[in-house]
Amino acid sequence: MAVTVDQAGSSRGLSGAGVAARLKALDRPLTSYYLVLTSTLLLVGLGLVMVLSASSVESYRTSGSVFSVVQKQAIWVTVGLPLMWVTSRMSVTAFRRLAFPAMAVSLAGLAAVLVPGVGHEVNGNRNWIHVGGPFQLQPSEAAKLALVLFGATVLARKQRLLDRWSHLMIPLVPMAAAVIFLVMLGGDLGTTVVLLAILLALLFFAGTPMRFFGFFGGVAGALVLLLIWTEPYRMRRVTSFLDPFATYHDSGWQGAQSIFALASGGLTGVGLGASREKWGYLPEAHTDFIYAIIGEELGLIGALAVLALFAALVVAGFRIAARSRDMFVTLAASAITAWIAVQALVNMGAVLGVLPITGIPLPLVSYGGSALLPVMAALGMLLSFARQEPGAQAALAARGPGPLRRAMAWLGFGRSPRT
């Protein structure tokens, strides 16, 4: 009896085998580690290139050099990469010990911003402290990381008591409220939104009953509306995003120019460095609106590539949280992931014109060390957690020494690498 082969069925079988192989590859012990590391390095590298491109005209106008802004960003990256490496090697115990000192320092920094002569106002927000020369710090950015550490530590310590709402809420909610209140006094709407997202993520993954989120959502919405209502320029921003061309020569200018940039980019972009909007048309081109320059110069393909890198970070972050048996790791990884996801979505939403402009940077890509360093430290934490996933330590040991250690051994420092 002859046996016939169904070609379509064979193709489906091969396709199914390919999908199964890809899914199996994603289930390897170091998948999360490499997703976080690769996405982070690619975003930081792209950020340096795009900061150079987006800031070149303004840099030359103010300093006579196209490299003045990107040089500062390169310094922050040079500091951020070792910081990320250090936090990637730290233990869970070390992170938990840092929680309370980090919160105390953050509260002190946020209070210092409000002191006349110490804090400085930029674009309507009083949230900067000058530290000498051209450098200044934004304590509200570090407060995001402090809230992650504090919240995850407190909730993990009370793990067996979280069925009682008093233990679930106290002291996390009052402390988070203090941080958010100080940030609100400085007028920083974007950071307020991100801090609220971190708090809600901590409470959600700690098992807070869903009925509480109606109350929290109402309070969060009221705080955001209060910030908008108390500042006329924010009210203009919120109303103008609905139709930026109706107020084109006023509050709608930035939103309209962002749309022009994205429309000019098309599918493949006008070419790296060839942006027209950076020639004084689009305000904050290298900071809050760098995504518009990416869309203009690299096109839809470049904009989607950035979105895919952030999606990879989010998937990896929640994967780390889901695979951990340590409640601190689960909570911290979830809160960090929510922080990066919400901040990226709010920034990109403002650039695309689907959300109001809040003056929030694109993580890892926009110019600014105050925003970059806490995010890189937090991503180092994710790398540390990923190294503790089931099978990860054995896989790292089997991999042998990394390129840096091999190079040091080749130069005569330390032991020779395995062959």
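**Cavities and buried side chains in a predicted model**

Biologist: How many cavities of 30 Å³ or more does a search of the whole structure find?

Modeller: Residues are numbered from 1 along each chain as its sequence is written, and side-chain values use heavy atoms, with hydrogens and water left out. A cavity is a set of points on a 1 Å grid over the protein atoms alone where a 1.4 Å probe fits but cannot get out, and its volume is the space filled by probe spheres set on the points, which are joined across faces, edges and corners. With a threshold of 30 Å³ or more, the number of cavities found in the whole structure is four.

Biologist: Which elements give two or more residues to the lining of the largest cavity?

Modeller: The largest cavity has a volume of about 80 Å³, and its lining residues (those with an atom within 4 Å of a point) include Arg237, Phe241, Ile259, Val351 and Leu355. By class, with Ala, Val, Leu, Ile, Met, Phe, Trp, Tyr, Cys and Pro taken as nonpolar, Asp, Glu, Lys and Arg as charged, and the others, Gly among them, as polar, this lining divides into seven nonpolar, four polar and one charged. Helices (DSSP runs of H or I, at least four residues) and strands (E, at least two) are numbered from the N terminus, and the elements that give two or more residues to this lining are α10 (232–240), α11 (253–265) and α13 (327–352).

Biologist: What is the volume of the second largest cavity?

Modeller: Its lining includes Leu110, Arg126, Asn127, Pro139 and Leu182, and by class it has six nonpolar, three polar and one charged residues. The volume of this second largest cavity is about 60 Å³.

Biologist: Why does Ser68 count as buried?

Modeller: Ser68 lies in helix α3 (residues 68–88), and its side chain makes polar contacts with the side chains of Ser59 (3.4 Å) and Ser63 (2.9 Å). A polar contact is a pair of N or O atoms within 3.5 Å; within protein, one must be able to donate a hydrogen and the other to accept it, and residues adjacent in sequence count only if both atoms are side-chain atoms. Buried means under 20% relative accessible area, exposed over 50%, and partly exposed in between, with a 1.4 Å probe and protein chains only. Ser68 is therefore buried, because its relative accessible area is 19%.

Biologist: Which side chain does that of Glu141 join in a polar contact of 2.8 Å?

Modeller: Glu141 is placed in helix α5 and is buried, with a relative accessible area of 2%. Not counting residues up to four places away in sequence, Glu141 touches Thr191, Pro361, Ser370, Ala371 and Pro374. The partner in the polar contact of 2.8 Å is the side chain of Lys144.

Biologist: With which residues is Ala176 in contact, leaving aside its neighbours within four places in sequence?

Modeller: Ala176 lies in helix α7, where it is buried with a relative accessible area of 0%. Although Ala176 and Gly151 are 25 residues apart in sequence, their C-alpha atoms are 8.4 Å apart in space. The residues in contact with Ala176, on the terms asked, are Leu147 and Leu199.

Biologist: Is Leu364 buried or exposed?

Modeller: Most residues other than glycine have a negative phi, and most peptide bonds are trans. Leu364, in the loop between α13 and α14 (369–387), has a positive phi near 70 degrees. With a relative accessible area of 4%, Leu364 is buried.

Biologist: Which peptide bond is cis, with omega near 10 degrees?

Modeller: Its proline lies in the loop between α6 (165–169) and α7. The cis bond runs from Ile170 to Pro171.

Methods
On a 1 Å grid over the protein atoms alone, a cavity is a set of points where a 1.4 Å probe fits but cannot get out, and a pocket is an open set with protein on both sides within 12 Å along at least five of seven lines; lining residues have an atom within 4 Å of a point. Contact means heavy atoms within 4.5 Å.
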